[in-house]
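User: I am new to this structure. Please take me through it in short questions and answers.

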Amino acid sequence: MSLSSVPSFLSTPWLRIKRNLQVKNGWEEVSGALGDLGTFIPIVITLTLVNHLDLGTTLLFTGAYNIITGLVFGVPMPVQPMKAIASVAITPGDPLTVPQIMAAGITTAAVLVFLGITGLMTVVTRWVPLSVVRGIQLSQGISFSITACKYILINQALGGGSGGGGARSWVGLDGKLLAIAGLLFIVIVSGVGEVTRDLPQMEAHNVERMENLKMADGKSHSEGNDLRGQSKDPELGSSDIIVSHTEIPEKMEEKKMMKTRNWIKSITIPTALLVFVLGVVLAFIRQPSIGKQLRVGPSTPHVVHISRRDWRIGFVRAAIPQIPLSVLNSVFAVCKLSQDLFPSQDAVSSFNVSISVGLMNLVGCWFGAMPACHGAGGLAGQYRFGARSGFSVVFLGTAKLLLGLLLGSSLIHILSKFPVGLLGVLLLFAGLELAMACRDQTTRTDAFVMLVVTVVSLTDYTSYGSAMGFGCGMVAAILLRIRETKFWEKLCRLMPWMSQHANTEQDSATQY
């Protein structure tokens, strides 16, 4: 469709959607779309088998969420299960019912919408130090990685049945050797996740911004050379790429030569896609009767009746621990990580993300869809495996919709036989990518605050580990700020008697 055929009042949204779906490499986008499945599939399987969640309805709604967020945000914004609610829901001996799970999702969504509409989310986001956010990301990344290693090394009873807890065998269709082979394959092909093909464009962008800054400041060429490796521009200052005026062409040529020499980096291999396809094939091999158990046709969504007791239990047991996790990981951490990875995309703000999470659950939970949110781990995982635009999640959402319409809840027979070790491999790289976001905390003060948040969050003897870590990190950041000399100087100016007392003590010490 050409732009001239679009009505004038729709031209701006159409241009934005067209930009959000721009694709540089289709295979990488498809591979990146699957980078979040290490978290999505295990939780969905467990909730379906233990709590009788309607898988078909969940696929339909989460697929629609993926498509809408991809069109609106223009980044691979993930749609993940609300982990605290899922953790409480599958508690052995006292699992939550579907209405109670939905009540928890709706009340959590209502709180996020309230914080977004009132502007409180934006205000809080501005006052939270970056080191605290990095601590949240680091703790989540480490937590994902630990869970991934458990998937690889230990048998998991995802459906609540027997067979979990023992050491996974080395050989077999879900053995350690299979997971290790998948791990080595991804490392050999994609390394640590370098994006070499994007570097020349990023460097050219930084050169242009440096020239604009030099023209605006009226600096001479000699003064500009003194800015080698430094910039007052925030976007340039946060980049790992050298922005020197004289070094950029040489660095560009060097990186082009390195990219040409390495044949592995010169071809596109969708690693996550290949690992996922292998897992589906192995699922059919592990249980050949899966084909007979599949049923063609979608699940029929129905309105969930939520009693007053369900509202009370869902809010107290599941929503209260989920709310701080959603605020910190689904809003704060997601917004910051998106700004780091996609600085040109301005749609990912605390207001937009909180409203997005809220609306998803205020609609879908009434029909029995799994409570969902956005997550920094999912964004990191999808980016790690090649997702760079909204197209990746639009593709994933379309696949979920088609599967939900064609197979409905019978798809659980395939997912329940998917090798858990391969899911652990995907989750491991997602966790590592999220944890590596903290590498910009280079000062001792920032590193100290970040590690305080991480250590307390990982302690997590209750469901409030992230909230406790956030609170301790904020206290540490405030105390370190108070300790600075500039703070006391400002305080003395506000309180003259304090300044006079300090001068008196200084004079007495001098005389002595």
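User: Which helix holds isoleucine 180?
Analyst: This is a predicted model. The helix in question covers residues 176–190. Isoleucine 180 lies in helix H9.

User: Is isoleucine 180 buried, partly exposed or exposed?
Analyst: Buried means under 20% relative accessible area, and exposed means over 50%. Isoleucine 180 has 32% relative accessibility, so the residue counts as partly exposed.

User: What accessible area does the nonpolar patch with Ile180 have?
Analyst: The patch lies on the surface. Its members are Trp170, Val171, Leu177, Ile180, Leu184 and Ile188. Together they have an accessible area of about 610 Å².

User: Where does histidine 52 lie, and what is its phi?
Analyst: Histidine 52 lies in the loop between helix H3 (37–51) and helix H4 (55–73). The residue is not a glycine, yet its phi is positive. The value is near 60°.

User: Why does histidine 52 count as exposed?
Analyst: Exposed means over 50% relative accessible area. Histidine 52 counts as exposed because its relative accessibility is 63%.

User: What kind of pair do phenylalanine 61 and tyrosine 65 form?
Analyst: A pair of aromatic rings is described by the distance of the centres and the angle of the planes. For phenylalanine 61 and tyrosine 65, the centres are 6.4 Å apart and the planes are at 50°. The pair is tilted.

User: Are phenylalanine 61 and tyrosine 65 buried or exposed?
Analyst: The cut-off for buried is under 20% relative accessible area. Phenylalanine 61 has 17%, so this residue is buried. Tyrosine 65 has 8%, so tyrosine 65 is buried.

User: What kind of pair do tryptophan 311 and tryptophan 366 form?
Analyst: The ring centres of tryptophan 311 and tryptophan 366 are 5.9 Å apart. Their planes are at 65°, so the pair is edge-to-face.

User: How many residues apart are tryptophan 311 and tryptophan 366?
Analyst: Tryptophan 311 is in helix H16 (residues 308–341). Tryptophan 366 is in the loop between helix H17 (350–364) and strand E2 (372–373). The pair links distant parts of the chain, 55 residues apart.

User: Which residue forms one aromatic cluster with Phe61 and Tyr65?
Analyst: The cluster holds Phe61, Tyr65 and one further residue.

User: How far is the charged end of lysine 400 from the centre of the ring of phenylalanine 40?
Analyst: The charged end of lysine 400 sits over that ring. The distance to the centre is 4.0 Å.

User: Which residues does serine 338 contact, leaving aside neighbours within four places in sequence?
Analyst: Serine 338 lies in helix H16. With a relative accessible area of 1%, the residue is buried. Its contacts are Val75, Pro343, Val348 and Leu379.

User: How many helices and strands does the protein have, and what share of its residues is buried?
Analyst: The secondary structure comes to 25 helices and 2 strands. The protein has 512 residues. The buried share is 47%.

Definitions and conventions:
Residues numbered from 1 in each chain as written. Predicted model: local features only at pLDDT ≥ 70, side-chain atom pairs only at ≥ 80, totals over all residues. Heavy atoms only, no water. Helix = DSSP H or I, 4+ residues; strand = E, 2+ residues; numbered from the N terminus. Buried < 20%, exposed > 50% of the residue type's maximum accessible area, 1.4 Å probe, protein only. Patch = residues over 30% accessible without salt bridge, like charges linked within 9 Å, V, L, I, M, F, W, Y side chains within 5 Å. Areas by Shrake-Rupley, 256 points an atom, 1.4 Å probe, with all protein chains shown as cover. Salt bridge = Lys/Arg side-chain N within 4 Å of Asp/Glu carboxyl O. Phe/Tyr/Trp six-rings, centres within 6.5 Å; stacked < 30°, edge-to-face > 60°. Lys NZ or Arg CZ within 6 Å of the ring centre and 35° of its normal. Contact = heavy atoms within 4.5 Å.
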